[in-house]
Amino acid sequence: MLKDMAALATIAVKDLGVAGKFYGETLGLKRLPGGEEEVLTFESGGSKILVYRSQYAGTNQATAATWVIEDGLEEIVRDLGAKGVAFEHYDMPGMTREGDIHVAGNLRNAWLKDPDGNILSLVSETK
């Protein structure tokens with residue numbers, strides 16, 4: 001029923017101004033015009049990310065959104081780090097770390113948090 005329908009990440013935040021700067025300026029996503037007063041919509045590749053004000057912002061302890069990086073994960077991590085983004089480091093079975101990037105076979109993953117503590121993932125698979 002839903003297999004041909006687009007999906008979008010929906011991320012709760014406390015402060016839309018702070019979130020708008022982070023998602024728009026720090027991550028470099030394109031903010032789309034319009035929308036509701038309590039919602040910001042960003043475009044990322046062919047996907048959309050909806051950021052909305054909520055009292056429950058930052059309470060999710062799992063990944064809220066994942067970007068699939070085809071090429072240049074190291075450069076993206078370096079560039080975000082230069083903008084002040086701190087990356088998360090996790091101890092997971094079968095994974096080692098190369099700087100801020102976790103490695104498991106062909107899978108490379110970096111995690112960061114937005115200003116509200118929402119966990120965001122950057123993942124790349126080498127061939």
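The largest nonpolar core of this predicted model has 26 residues, and those with the most contacts inside it are Y23, V51, W67, F87, L120 and L122. A nonpolar core is here a set of buried Ala, Val, Leu, Ile, Met, Phe, Trp, Tyr and Cys residues joined through side-chain atoms within 4.5 Å, where buried stands for under 20% relative accessible area, exposed for over 50% and partly exposed for what lies in between (1.4 Å probe, protein chains only). Local features need pLDDT of at least 70 and side-chain atom pairs count only at pLDDT 80 or more, while totals for chains, interfaces and linings use all residues. Residues are numbered from 1 along each chain as its sequence is written, and side-chain values use heavy atoms, with hydrogens and water left out.

**Core**
- Helix 1 (residues 16-26) gives the most to this core, with four residues; helices (H or I, at least four residues) and strands (E, at least two) are DSSP runs numbered from the N terminus.
- Apart from neighbours within four places in sequence, W67 is in contact (heavy atoms within 4.5 Å) with L27, L29, S44, I49, L120, S121, L122 and V123.

**Largest pocket**
- The largest pocket has a volume of about 360 Å³, and of the 18 residues that line it, L29, S44, I49, W67 and I69 are the closest to its centre.
- On a 1 Å grid over the protein atoms alone, a pocket is an open set of points where a 1.4 Å probe fits, with protein on both sides within 12 Å along at least five of seven lines, and lining residues have an atom within 4 Å of a point.
- Strand 4 (47-53), strand 5 (63-68) and helix 2 (73-82) each supply at least two residues of this lining.

**Aromatic rings**
- Rings of Phe, Tyr and Trp (its six-membered ring) pair if their centres lie within 6.5 Å, with planes under 30 degrees apart counted as stacked, over 60 as edge-to-face and the rest as tilted; by this rule there are three aromatic pairs.
- F22 and Y23 form an edge-to-face pair, 5.2 Å centre to centre with 85° between the planes, and both residues are buried.
- The ring centres of Y23 and F42 are 6.0 Å apart and their planes stand at 35°, so this pair is tilted.
- Because Y23 lies in helix 1 and F42 in strand 3 (residues 39-44), the pair ties together parts that are 19 residues apart in sequence.

**Loop residue**
- D71 is found in the loop between strand 5 and helix 2 and is exposed, with a relative accessible area of 72%.

How values were computed
Points joined across faces, edges and corners; volume = space filled by probe spheres on them.
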